[in-house]
Amino acid sequence: MAERLPDQSTPFGADVHKRLAAEKVVWLTTVSQTGAPQPNPVWFLYNFDDDTVVVYNRADAHRLNHIRARPGVSLNLNSNAGGGAVVVLTGTAERADALPAAHENPDYMAKYGADMERISGSAADFSASYAVPVRIRVASVRGF
């Protein structure tokens, strides 16, 4: 069971759990060679059993080089229009080549299958384009 997330019995904790399961986009921020933050919107899958996030990437994505050199990352869910509902996760990212391809990951398919087909023509074609899985081990969660 998730230990890094806030207690689901609190309003904030319940909101965090709900949003990590339902929201389709999170902002993944890596750090470039010059030390500049590099935020990118990405599709993600949160694993509540082990507090990890999976993101599939293009092989030419600069973030892969950033992660290899500087694995500390943050993930930010979009806030609401008034600037509230802030959720920031921090953790350590690594390539996870042993994970199944996106179209072979049942949970990822349940969340994004229709979108994968819409964007790439088929889930398998999406997987061919976004062939590099990254796993992020969540260390902390904060927000309000």
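Guide: Let's start with strand 4: with four residues, strand 4 gives the most to the lining of the largest pocket. This is a predicted model, where local features need pLDDT of at least 70 and side-chain atom pairs count only at pLDDT 80 or more, while totals for chains, interfaces and linings use all residues. Residues are numbered from 1 along each chain as its sequence is written, and side-chain values use heavy atoms, leaving out hydrogens and water.

Visitor: How do I read a pocket, and which residues lie nearest the centre of the largest pocket?

Guide: Rolling a probe the size of a water molecule over the atoms shows where empty space is left. A pocket is an open set of points on a 1 Å grid where a 1.4 Å probe fits, with protein on both sides within 12 Å along at least five of seven lines; lining residues have an atom within 4 Å of a point. Here 17 residues line the largest pocket, and Leu-45, Tyr-46, Asn-47, Asn-105 and Asp-107 lie nearest its centre. Helix 1 (11-22), strand 3 (45-47), strand 4 and helix 3 each bring at least two lining residues. Helices (H or I, at least four residues) and strands (E, at least two) are DSSP runs, numbered from the N terminus.

Visitor: Where does Asn-105 lie, and is Asn-105 buried or exposed?

Guide: Find the loop between strand 6 and helix 3 (106-120), and Asn-105 is there. Buried means under 20% relative accessible area, and exposed means over 50% (1.4 Å probe, protein chains only). At 11%, Asn-105 is buried. Its side chain makes a polar contact (N or O atoms within 3.5 Å, one able to donate a hydrogen and the other to accept it) with the side chain of Tyr-56, at 3.3 Å. A polar atom of the Asn-105 side chain also lies 3.2 Å from the backbone nitrogen of Asp-107. Setting aside residues up to four places away in sequence, Asn-105 touches (heavy atoms within 4.5 Å) Leu-45, Tyr-56 and Pro-100.

Visitor: Now a helix. Which residues of helix 2 are buried?

Guide: Look along residues 62-69: Arg-63, Leu-64, His-66 and Ile-67 are the buried ones. They cover an arc of only 160 degrees around the axis, so they sit on the same side of helix 2. That arc is taken from the directions from the helix axis to the C-beta atoms.

Visitor: What covers the buried residues of helix 2?

Guide: The cover includes strand 1 (25-31), strand 2 (37-43), strand 4 (52-57), strand 5 (72-77), strand 6 (87-95) and strand 7 (132-143). Arg-63 also turns up in the lining of the second largest pocket, along with residues including Trp-43, Tyr-56 and Phe-126.
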